[in-house]
Structures are given as C-alpha cells and as structure tokens.
Amino acid sequence: MSTDSKPLQSSAVINEAVQTLRDGGLVAFPTETVYGLGADAKNPEAIQKIFTAKGRPLHHPLIVHLAAPDKFDAPQVDWVPIIAPWARDISEDAIKLMNAFWPGPLTLVFKKDKTVLSEITGGQDTVAIRAPAHPIAQEVLRKFKGGIVAPSANRFGKVSPTSAADVRSEFEGTLDLMILDGGDCEVGIESTIIDMSSGDKPRLLRPGIITPKEILAKTGVSVLKTGEVSSDEHAESIPRVSGSLRAHYAPTTPLRLYAPGRVLDALSEYPDTKSRVAVAVWDSESSLGEDGHPSVHFEEMEIPSDSAAFASYLYRSLRDLDQQEWDLILFPEPPAGEEWDGVRDRLQRACFGSGPSSSSQDSN
Ligand code: TXA
Ligand code: MG
C-alpha cells in the first residue's frame with residue numbers, strides 16, 4: 001500500500017478528509033507544532049488504528065483537538081461551552097489560559113467528562129485538550145464538527161514530523177494514509193502541556209514554546225514546573241506523559257550534546273565510531289576549527305541561536321542528518337533559560353534514545 005499526499009487544500013480535499021474521519025479512517029494533518037495522525041475521538045475502532053499504526057502502547061493517552069469558533073479574533077471567545085462536552089471542573093485559571101493562548105500550541109489536561117472514551121485517556125480520569133492554530137487543522141475540525149484525537153504522526157519514540165513528506169516516510173509501505181499537506185510546521189516541537197486537573201496549582205507536564213514565564217506574564221497564572229511538588233501532592237498522582245519517557249524523539253544515528261567549546265571531550269566519550277561527525281554550531285559563534293583532529297572528518301553546520309527558530313529547525317535537522325549516514329551527530333547544549341526548556345528536553349531525550357538499536361525505553 002502507498003501513502004497518498006494531497007498537495008494544497010481545496011475544499012474537495014478537506015471534504016474527503018472529513019469523510020475519511022467519519023468513516024473511521026485516519027488522516028494526517030498539519031498543526032502549527034507538528035503533524036498529527038487524526039481519528040474520530042468518538043470512534044473506538046478508529047482510535048485503535050492510531051495505536052496500531054504508531055506502535056504506541058495502549059495506556060498512553062491522546063490529545064483531543066477541538067475547533068475554535070469561526071471568528072476567534074473576537075476579544076474573548078467563550079471556550080467553556082466548547083470544552084464542556086469533554087472536560088469538567090474548568091477553573092478560572094484554565095479559562096485565563098484558554099483566552100490567552102487558544103487556538104495555539106498549548107494543551108490543557110482536565111478531569112474528563114464521563115462520555116470521553118477510555119481508549120483516549122489510557123484509563124485515566126483526565127483528558128488532554130487543545131485547539132490548534134493551523135488553518136488546515138481548524139478547517140478540518142470545523143467541518144468535522146467533533147473532536148479529533150491526534151498524536152504526532154510518527155512511529156512511537158521517533159522524531160515527530162514537521163512536513164507532509166516526513167509523515168509519508170514514517171508510514172510508507174505500512175499504511176494507506178491520507179496526508180493533508182500544509183507545508184512546514186512553524187513551531188516545530190509539540191505543544192506545551194499543563195495539567196489543570198488537580199484542583200491545585202497548574203503543573204507543567206511537557207515544556208514547549210509557551211513557557212510558564214510567558215503564561216505568568218500574560219495571565220497572572222503561575223505554573224509549577226516539572227519536578228516542583230506542591231504541598232498536598234504526591235509524585236505518583238502526576239499523570240503520565242509519553243514524552244516523559246527518557247528516550248523519545250530519537251534518530252537512528254548516535255546523537256550527543258557537547259558543552260561550550262568541548263567538542264573533543266564529547267568525542268572521547270564516544271571512541272568507536274567517529275570517522276564522520278556532523279557538528280552543529282550556533283550561528284552566533286565562529287567556526288570550531290577542529291579540522292586538525294586525526295582520523296575525524298568534521299562537518300560543521302550552523303544552527304539558529306534564537307530559541308524559537310531553533311525549535312522550528314530541530315526535528316527537520318535531526319531527520320535530514322539521519323539520512324546522511326554520519327557516524328555521530330553533535331549538538332551544542334542549549335543555554336540556560338526557560339525559553340530553551342522545550343528544545344533542551346527534546347534534545348536530551350533524542351540523545352538517550354539515539355543509535356541504530358534505538359527504542360523507547362521506559363526508564364522512569
Ligand atoms: O503539539 C502537539 O501536542 C501534537 C499535535 C499533533 O497536536 N500532538 C502530540 O501528541 O504531541 P502526542 O500523542 O504525540 O503527545 C501527547 C502527549 C503524550 O505525551 C500524552 O501522554 C500526553 O500528551 N497526554 C495525553 N492525555 C493526557 C492526560 N490525560 N494526562 C496527561 N498527559 C496526557
Ligand atoms: Mg508524539
């Protein structure tokens with residue numbers, strides 16, 4: 001079977017996608033973060049197809065994507081009736097976050113409505129919801145008139161796709177999949193996830209482009225960061241996030257980080273295969289000048305030293321480098337600062353899981 005990529009989105013193509021979803025099929029579509037693999041959130045058999053296609057463990061919950069109202073430039077959309085069929089105990093803080101950041105790259109976890117399928121939630125009593133900003137995602141959602149569950153459209157543990165071609169290469173030969181082509185994703189890493197379900201302070205579950213600092217500045221809501229434990233909470237009550245596996249987002253070429261100016265140290269920790277090494281270098285820095293090193297062929301490539309530009313480039317570059325048959329890929333450690341947390345998180349997990357026998361090991 002082959003994958004079927006439809007370049008630009010006439011309404012006939014969108015209608016076909018909507019019909020495919022109604023018929024219980026899967027459709028890959030662009031969001032502003034990464035491409036999603038969508039299915040009807042009310043159809044258990046369709047949801048099952050996602051887990052099979054991705055090779056994803058059944059207990060890993062999915063995000064429900066919802067349509068924004070037609071005119072979401074209105075100063076204050078009322079999101080409560082939109083999420084009410086899915087979520088309960090919607091707090092004032094949650095309303096502030098939705099007003100400030102939806103539609104956009106922010107996922108909120110709520111206590112679930114009893115009608116939400118357990119196939120979506122991995123049996124938990126919470127549900128993750130987001131309204132994506134991408135116009136194609138929104139058009140599909142509006143016409144579908146229902147929730148669409150959509151994990152990133154990659155095989156479990158692998159690098160998330162940021163273009164239609166990436167999705168095609170993930171499932172080529174294994175799945176007959178309709179792919180809506182919306183070009184390259186602007187944000188480039190998955191949405192920020194915040195748990196609003198505890199009745200206590202909101203908690204960051206997955207860092208992304210929207211940071212706790214930005215949330216505080218725009219809404220006055222303070223968010224506990226991963227690892228911070230509030231007074232009346234125990235660690236085991238924190239919900240699972242599959243991105244929290246230590247190995248995730250992983251290329252098959254070994255990937256390591258190097259401390260500023262310490263490329264050779266990173267190499268010496270990796271003595272076996274170092275004849276062809278790709279070294280990413282901040283565009284704000286001069287060349288590493290490592291070409292005198294015996295037996296190693298370095299090739300430098302510039303990477304953006306702005307955190308948002310780096311995020312939008314990260315998965316693209318990992319995929320491209322993975323195709324180029326390097327023995328080792330070296331990236332500089334991202335600098336300190338909350339705006340780098342999202343990419344630091346993805347890079348560290350990508351390193352841990354990288355290599356020819358890469359698999360997602362649940363090590364936490
Ligand atoms: O940007 C995104 O969020 C992309 C695009 C396609 O929307 N989607 C995405 O989905 O990253 P996925 O399935 O690859 O990651 C969703 C994450 C998983 O780590 C999952 O464990 C977490 O959301 N999640 C889903 N429901 C949850 C819940 N009820 N409680 C805690 N975490 C949840
Ligand atoms: Mg994913």
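Biologist: Which residue follows α6, and what makes its phi stand out?
Modeller: Lys145 follows α6, and its phi is positive, near 60°. This is a predicted model, in which local features need pLDDT of at least 70, side-chain atom pairs count only at pLDDT 80 or more, and totals for chains, interfaces and linings use all residues. Residues are numbered from 1 along each chain as its sequence is written, chains are lettered from A and ligands numbered from 1 in the order in which they are written, and side-chain values use heavy atoms, without hydrogens and water.

Biologist: What does α6 pack against?
Modeller: Its buried residues are Ile136, Ala137, Gln138, Val140, Leu141 and Phe144. They pack against α1, β2, β3, β4, β8 and β9.

Biologist: Why is Cys185 called buried?
Modeller: Buried means under 20% relative accessible area, exposed over 50%, and partly exposed in between (1.4 Å probe, protein chains only). Cys185 has 5%, so Cys185 is buried. Cys351, at 11%, is therefore buried too. Buried residues make up 54% of the 364 in the chain.

Biologist: How many disulfides does the structure hold?
Modeller: It holds 0. A disulfide is a pair of cysteine sulfur atoms within 2.5 Å.

Biologist: What makes a set of residues a nonpolar core?
Modeller: The members are buried Ala, Val, Leu, Ile, Met, Phe, Trp, Tyr and Cys residues, joined through side-chain atoms within 4.5 Å. The largest core has 49 residues; Trp102, Phe110 and Ile120 are among those with the most contacts inside it. Its largest share, 5 residues, comes from α2. A second, separate core of 25 residues includes Leu318, Phe331, Val343 and Leu347.

Biologist: Which residues does Ile120 contact?
Modeller: Contact means heavy atoms within 4.5 Å. Beyond neighbours within four places in sequence, Ile120 touches Ala41, Ile47, Pro61, Leu62, Val64, Val127 and Val149.

Biologist: What makes a space a cavity?
Modeller: On a 1 Å grid over the protein atoms alone, it is a set of points where a 1.4 Å probe fits but cannot get out; lining residues have an atom within 4 Å of a point. The structure holds 2 cavities of 30 Å³ or more. The largest share of its lining, 3 residues, comes from α10.

Technical notes
Helices (H or I, at least four residues) and strands (E, at least two) are DSSP runs, numbered from the N terminus. On a 1 Å grid over the protein atoms alone, a cavity is a set of points where a 1.4 Å probe fits but cannot get out, and a pocket is an open set with protein on both sides within 12 Å along at least five of seven lines; lining residues have an atom within 4 Å of a point. Grid points are joined across faces, edges and corners, and a volume is the space filled by probe spheres set on the points.
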